[in-house]
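Dear colleague,

I am passing a structure on to you, and it is shown just below. After it you will find notes on what was found, arranged by topic.

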Amino acid sequence: MKVQVHVSLKPGVLDPQGRAIHHALEGLGFDGVADVRVGREIALEVADDTSDEALDEMCRKLLANTVIENYRVEKLS
Amino acid sequence: MAFTAGVITFPGSNCDRDMAVAIEQVSGKAPLRIWHGDAELPDNIDFVAVPGGFSYGDYLRSGAMAANSPIMRSVIAAAERGVPVLGVCNGFQVLTEARLLPGALMRNAGIRFVCRTVPLVVENASSLFTQGYDKGQTIHIPVAHHDGNYFADEDVLARLEGEGRIAFRYGEAVNGSSCQIAGVLNEKGNVLGMMPHPERAIEPEQGSADGRALFQSVFEALAVA
C-alpha cells in the first residue's frame, strides 16, 4: 500500500523558509501572494494490512514533531 | 573526584572531541566515548554530554534521527534516574526531539547560519550546571548553528519562565528564539540543553573561558553528591 504523509508547520509557528520564498516570489514579480508555508511530503510503501493506528504512531514518533508540526496521512492505494 | 563522564557520538557529530577535551581539562579525567549504536550506558555513568554537529546529516529534522538511536533509550533512562545530561547545539536539538526537554529548535529567523561569539545572560544560577555563575551575569560563548530558533507554545514558555527553567538568554538578537531563550532546563533540573558551545570557551586562547564554570559546576555538584 502506498501512503503519503503530509507534514506542515502548525499555524502561528514562524516559517522563515516560507517567508524567504514569499519574498523571492514577490521579487520575481508575482503579485497577490498572501503567504507561503513550507511543508514536507513523505511517501511510504507499507504492508497492506498496516493499521491506521500504526501509521499514526509512525507520524507521532518520528515523521512529524508534534510540538511544531501537524500531519495528515493519505492512503493512495 | 572519581566520577565517570561520557560523550555520545552519532554519525555526523563533530563537537564530540571538543566536548571530551573540555571535560578532561576541567575535571582532570577523560570521559568515555560512547557510540550511538551502543545499547547501554555504563551503570556507573555520572554525567552524559550530547555534543554538537549534524547527526545523521540533519535528515528529517535536526536531531530527529539521533533521538531515536539505540543509545538514547539509555540516556533517557539515565536522565530519569537523575544523572546530569548536557546537550549542546545539535545535542540540544536531540534532547528536544527525545522529549527530555520541551519545545523545538527551528530554522534561524534570519535564514542564515550564525557563527560568532554572543553574550548570554545567566538567568538561573542555582542549577547544577549554572551554580558557578551569578544570576544576571553576562558571559560570552560562541554559537554556530542554523536551527537554533527556540520555539515553544505560550503555556510552555510561561511555565519555563515561572519555574526558573530558562538557564540562559541571548543578550542580543541571534536567531529569533522565543523570549531570547538560549538554554533550558528540564523539570528536575538535571537536563540542560543550550545552543551556545561552552566546550569552545574553556581557555582564554579560545577567546573566552566563560564556559569553564559550567563544567566546573557539574563536577563540583558530582563531587558533593
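**The largest pocket**

The lining of the largest pocket draws at least two residues from each of β1 (2-9) and α1 (16-27) of chain A and α3 (90-97) and β5 (104-106) of chain B; helices (H or I, at least four residues) and strands (E, at least two) are DSSP runs, numbered from the N terminus. Please keep in mind that this is a predicted model, in which local features need pLDDT of at least 70 and side-chain atom pairs count only at pLDDT 80 or more, while totals for chains, interfaces and linings use all residues. Residues are numbered from 1 along each chain as its sequence is written, chains are lettered from A and ligands numbered from 1 in the order in which they are written, and side-chain values use heavy atoms, with hydrogens and water left out.

The volume of this pocket is about 480 Å³, where a volume is the space filled by probe spheres set on grid points that are joined across faces, edges and corners. A pocket here is an open set of points, on a 1 Å grid over the protein atoms alone, where a 1.4 Å probe fits, with protein on both sides within 12 Å along at least five of seven lines, and lining residues have an atom within 4 Å of a point. Of the 25 lining residues, A:Gln17, A:Arg40, A:Glu69, B:Leu60 and B:Arg61 lie nearest the centre of the largest pocket. By class, its lining has 10 nonpolar, seven polar and eight charged residues, with Ala, Val, Leu, Ile, Met, Phe, Trp, Tyr, Cys and Pro counted as nonpolar, Asp, Glu, Lys and Arg as charged, and the others, Gly among them, as polar.

**A residue of chain A that touches chain B**

A:Leu62 lies in helix α2 (residues 52-63) of chain A, and it touches B:Leu60, B:Arg61, B:Ala64 and B:Asn68, leaving aside residues up to four places away in sequence; contact means heavy atoms within 4.5 Å. With a relative accessible area of 27%, A:Leu62 is partly exposed, a class that lies between buried (under 20% relative accessible area) and exposed (over 50%), using a 1.4 Å probe and protein chains only.

**The second largest pocket**

The second largest pocket has a volume of about 280 Å³ and is lined by 17 residues, with B:Leu101, B:Pro102, B:Gly103, B:Val156 and B:Arg159 nearest its centre. Its lining divides into seven nonpolar, three polar and seven charged residues.

**Chain B and the cores**

Chain B has five helices and 11 strands. Its radius of gyration, taken over C-alpha atoms, is 16 Å, close to the 17 Å that the globule rule (2.2 Å times the number of residues to the power 0.38) gives for 225 residues, so chain B is as compact as a globular protein of that length. Of those 225 residues, 58% are buried.

In the largest nonpolar core, which has 70 residues, B:Phe47, B:Leu86 and B:Phe168 touch the most other members; such a core is a set of buried Ala, Val, Leu, Ile, Met, Phe, Trp, Tyr and Cys residues joined through side-chain atoms within 4.5 Å. Apart from it lies another core, of 11 residues, including A:Val5 and A:Ile42.

**Two positive phi values**

B:Tyr56, in the loop between β3 (47-50) and α2 (70-81) of chain B, has a phi near 50°, and B:Arg99, in the loop between α3 and β5 of chain B, has a phi near 65°.

With best wishes
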